[in-house]
Amino acid sequence: MAAQSSKRVVTIRIVGGGGSGDSGEKKTKKKSVEFDPRKILSKALDDAFPTLAKVKNSELAQFTIKKAGAVLNSSVSYATNRYFSLKEDYLSENVYNNIKSGVTKGLGMASSLISGAAAGAKTGSVFGPVGTAVGAVLGASVGGFGYGLNQYVQYQQKMSGYYQQLNATNAQTQFQAKRLGLSNEGQNTLN
(Lines give C-alpha, C1' and ligand atoms only; values in the text may rest on other atoms or scores of the structure.)
Protein backbone atom coordinates (compact mmCIF):
# COMPACT_ATOMS: atom_id res chain seq x y z
CA MET A 1 0.00 0.00 0.00
CA ALA A 2 1.18 3.38 -0.83
CA ALA A 3 1.03 5.97 1.94
CA GLN A 4 -1.07 8.93 1.10
CA SER A 5 0.53 12.23 1.78
CA SER A 6 -1.66 14.86 3.29
CA LYS A 7 -0.74 18.45 3.58
CA ARG A 8 -1.89 20.33 6.59
CA VAL A 9 -1.86 24.06 6.71
CA VAL A 10 -1.73 25.90 10.03
CA THR A 11 -2.81 29.52 9.99
CA ILE A 12 -2.01 31.81 12.91
CA ARG A 13 -3.91 35.04 13.22
CA ILE A 14 -2.74 37.63 15.73
CA VAL A 15 -5.53 39.78 17.13
CA GLY A 16 -4.91 43.04 19.00
CA GLY A 17 -1.43 43.84 17.81
CA GLY A 18 0.94 46.25 19.45
CA GLY A 19 -0.39 49.26 17.51
CA SER A 20 2.78 49.63 15.47
CA GLY A 21 0.91 48.90 12.28
CA ASP A 22 1.05 45.83 10.08
CA SER A 23 4.42 46.09 8.44
CA GLY A 24 4.65 42.42 7.63
CA GLU A 25 7.77 42.02 9.78
CA LYS A 26 7.89 39.33 12.36
CA LYS A 27 8.95 40.74 15.69
CA THR A 28 9.99 38.46 18.52
CA LYS A 29 10.85 39.34 22.02
CA LYS A 30 13.10 37.08 23.99
CA LYS A 31 11.71 36.66 27.46
CA SER A 32 14.30 35.88 30.08
CA VAL A 33 13.55 33.01 32.40
CA GLU A 34 14.30 33.78 36.01
CA PHE A 35 14.53 31.15 38.72
CA ASP A 36 13.89 32.53 42.19
CA PRO A 37 11.63 30.43 44.42
CA ARG A 38 10.91 33.39 46.71
CA LYS A 39 9.70 35.52 43.81
CA ILE A 40 7.69 32.66 42.30
CA LEU A 41 5.91 31.97 45.60
CA SER A 42 5.36 35.67 46.25
CA LYS A 43 3.92 36.17 42.76
CA ALA A 44 1.59 33.19 43.16
CA LEU A 45 0.28 34.58 46.46
CA ASP A 46 -0.07 38.07 44.98
CA ASP A 47 -2.06 36.69 42.05
CA ALA A 48 -4.33 34.71 44.38
CA PHE A 49 -5.00 37.63 46.75
CA PRO A 50 -4.54 40.95 44.90
CA THR A 51 -5.87 43.20 47.70
CA LEU A 52 -3.64 41.54 50.25
CA ALA A 53 -0.71 41.93 47.83
CA LYS A 54 -1.09 45.73 47.80
CA VAL A 55 -1.01 45.87 51.58
CA LYS A 56 1.80 43.32 51.87
CA ASN A 57 4.04 45.12 49.40
CA SER A 58 3.71 48.52 51.04
CA GLU A 59 6.79 49.88 52.79
CA LEU A 60 4.95 50.32 56.08
CA ALA A 61 3.89 46.66 56.08
CA GLN A 62 7.43 45.50 55.29
CA PHE A 63 8.85 47.70 58.05
CA THR A 64 6.22 46.44 60.52
CA ILE A 65 6.90 42.80 59.68
CA LYS A 66 10.65 43.27 60.09
CA LYS A 67 10.27 45.02 63.47
CA ALA A 68 7.72 42.48 64.72
CA GLY A 69 10.10 39.65 63.82
CA ALA A 70 12.94 41.33 65.68
CA VAL A 71 10.78 41.87 68.79
CA LEU A 72 9.54 38.26 68.70
CA ASN A 73 13.06 36.91 68.32
CA SER A 74 14.31 39.08 71.19
CA SER A 75 11.41 38.03 73.43
CA VAL A 76 11.89 34.32 72.81
CA SER A 77 15.64 34.63 73.37
CA TYR A 78 15.11 36.52 76.64
CA ALA A 79 12.52 34.02 77.90
CA THR A 80 14.67 30.98 77.17
CA ASN A 81 17.80 32.53 78.65
CA ARG A 82 15.89 33.47 81.78
CA TYR A 83 14.43 29.98 82.08
CA PHE A 84 17.84 28.34 81.77
CA SER A 85 19.49 30.71 84.24
CA LEU A 86 16.72 30.22 86.82
CA LYS A 87 16.72 26.42 86.51
CA GLU A 88 20.51 26.23 86.19
CA ASP A 89 19.97 23.61 83.49
CA TYR A 90 23.23 24.04 81.62
CA LEU A 91 22.94 20.84 79.60
CA SER A 92 19.56 21.81 78.15
CA GLU A 93 20.84 25.31 77.50
CA ASN A 94 23.78 23.88 75.57
CA VAL A 95 21.44 21.67 73.53
CA TYR A 96 19.15 24.65 72.84
CA ASN A 97 22.09 26.82 71.74
CA ASN A 98 23.38 24.04 69.45
CA ILE A 99 19.95 23.64 67.83
CA LYS A 100 19.57 27.41 67.45
CA SER A 101 23.04 27.65 65.91
CA GLY A 102 22.30 24.75 63.54
CA VAL A 103 19.02 26.27 62.39
CA THR A 104 20.67 29.66 61.87
CA LYS A 105 23.50 28.10 59.87
CA GLY A 106 21.05 26.00 57.83
CA LEU A 107 18.96 29.04 56.98
CA GLY A 108 22.08 31.00 56.09
CA MET A 109 23.28 28.19 53.82
CA ALA A 110 19.86 27.89 52.13
CA SER A 111 19.66 31.64 51.64
CA SER A 112 23.16 31.69 50.16
CA LEU A 113 22.36 28.82 47.78
CA ILE A 114 19.05 30.36 46.67
CA SER A 115 20.46 33.82 46.13
CA GLY A 116 23.45 32.34 44.27
CA ALA A 117 21.15 30.23 42.08
CA ALA A 118 18.92 33.23 41.36
CA ALA A 119 21.90 35.39 40.40
CA GLY A 120 23.34 32.62 38.23
CA ALA A 121 19.99 31.98 36.54
CA LYS A 122 19.55 35.67 35.84
CA THR A 123 23.03 35.90 34.35
CA GLY A 124 22.65 32.65 32.40
CA SER A 125 19.26 33.61 30.98
CA VAL A 126 21.11 35.51 28.26
CA PHE A 127 22.00 32.10 26.78
CA GLY A 128 18.46 30.71 26.90
CA PRO A 129 16.88 28.00 29.05
CA VAL A 130 20.02 25.84 29.12
CA GLY A 131 22.08 28.85 30.17
CA THR A 132 19.55 29.59 32.90
CA ALA A 133 19.87 26.07 34.32
CA VAL A 134 23.67 26.04 34.08
CA GLY A 135 23.82 29.53 35.57
CA ALA A 136 21.58 28.47 38.46
CA VAL A 137 23.79 25.48 39.24
CA LEU A 138 26.98 27.54 39.01
CA GLY A 139 25.47 30.34 41.10
CA ALA A 140 24.34 27.89 43.78
CA SER A 141 27.79 26.29 43.90
CA VAL A 142 29.46 29.71 44.19
CA GLY A 143 26.99 30.66 46.94
CA GLY A 144 27.64 27.40 48.81
CA PHE A 145 31.43 27.72 48.46
CA GLY A 146 31.31 31.32 49.66
CA TYR A 147 29.18 30.37 52.64
CA GLY A 148 31.50 27.48 53.55
CA LEU A 149 34.56 29.69 53.25
CA ASN A 150 32.93 32.31 55.47
CA GLN A 151 32.13 29.66 58.11
CA TYR A 152 35.75 28.47 58.02
CA VAL A 153 37.05 32.02 58.56
CA GLN A 154 34.63 32.53 61.46
CA TYR A 155 35.77 29.23 63.01
CA GLN A 156 39.42 30.28 62.73
CA GLN A 157 38.61 33.62 64.37
CA LYS A 158 36.81 31.86 67.22
CA MET A 159 39.67 29.42 67.79
CA SER A 160 42.19 32.27 67.71
CA GLY A 161 40.18 34.02 70.43
CA TYR A 162 40.12 30.84 72.52
CA TYR A 163 43.88 30.39 72.23
CA GLN A 164 44.48 34.03 73.15
CA GLN A 165 42.36 33.57 76.27
CA LEU A 166 44.13 30.33 77.13
CA ASN A 167 47.56 31.94 76.76
CA ALA A 168 46.50 34.93 78.87
CA THR A 169 45.15 32.60 81.58
CA ASN A 170 48.36 30.55 81.58
CA ALA A 171 50.53 33.65 81.84
CA GLN A 172 48.39 35.01 84.68
CA THR A 173 48.49 31.66 86.52
CA GLN A 174 52.26 31.46 86.21
CA PHE A 175 52.63 35.03 87.43
CA GLN A 176 50.35 34.41 90.45
CA ALA A 177 52.17 31.16 91.28
CA LYS A 178 55.55 32.90 91.19
CA ARG A 179 54.23 35.83 93.21
CA LEU A 180 52.87 33.52 95.90
CA GLY A 181 56.08 31.51 95.99
CA LEU A 182 54.50 28.33 94.62
CA SER A 183 57.01 27.86 91.81
CA ASN A 184 60.74 27.33 91.97
CA GLU A 185 61.87 29.89 89.40
CA GLY A 186 62.24 28.15 86.03
CA GLN A 187 61.47 24.68 87.39
CA ASN A 188 57.66 25.15 87.67
CA THR A 189 57.52 22.76 90.60
CA LEU A 190 55.42 23.26 93.63
CA ASN A 191 57.29 23.94 96.91
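Residues are numbered from 1 along each chain as its sequence is written. Since the model is predicted, local features need pLDDT of at least 70 and side-chain atom pairs count only at pLDDT 80 or more, totals for chains, interfaces and linings use all residues, and side-chain values use heavy atoms, with hydrogens and water left out.

Start with the helices (DSSP runs of H or I, at least four residues, numbered from the N terminus). Two packed helices are described by the angle between their axes and the distance between the axes. For H4 and H5 (residues 129-179), the axes come within 6 Å and cross at roughly 145°; axes here are lines fitted to C-alpha atoms over the stretch in contact, with angles running from 0 to 180 degrees between N-to-C directions. The crossing is right-handed, that is, the near helix is turned clockwise from the far one by less than a right angle. On the H4 side the contact (heavy atoms within 4.5 Å) includes Lys105, Gly108, Met109 and Ser112, while H5 brings in, among others, Gly143, Gly144 and Tyr147. Sorted by type, the contact residues come out as 7 nonpolar, 12 polar and 1 charged, with Asp, Glu, Lys and Arg counted as charged, Ala, Val, Leu, Ile, Met, Phe, Trp, Tyr, Cys and Pro as nonpolar, and the others, Gly among them, as polar.

Serine 112 gives a residue-level view of this crossing: leaving aside residues up to four places away in sequence, it touches Gly143, Gly144 and Tyr147. Its relative accessible area is 17%, so it is buried (buried means under 20%, exposed over 50%, partly exposed in between, with a 1.4 Å probe and protein chains only).

Turning to the rings, the whole structure has 2 aromatic pairs (ring centres within 6.5 Å; planes under 30 degrees apart are stacked, over 60 edge-to-face, the rest tilted). Tyrosine 83 and phenylalanine 84 sit edge-to-face, 5.5 Å centre to centre with 65° between the planes. Phenylalanine 84 also pairs with tyrosine 96, this time tilted, at 5.7 Å and 45°. Because phenylalanine 84 lies in H3 and tyrosine 96 in H4, that pair ties together parts 12 residues apart in sequence. Tyr83, Phe84 and Tyr96 make up one aromatic cluster. Within it, phenylalanine 84 is buried at 8%, whereas tyrosine 83 is partly exposed at 44%, as is tyrosine 96 at 23%.

Glutamate 88 belongs to the loop between H3 (59-87) and H4 (90-124). Most residues other than glycine have a negative phi. Glutamate 88, however, has a positive phi, near 50°, and is exposed at 54% relative accessibility.

Terms used:
Helix = DSSP H or I, 4+ residues; strand = E, 2+ residues; numbered from the N terminus. Phe/Tyr/Trp six-rings, centres within 6.5 Å; stacked < 30°, edge-to-face > 60°.
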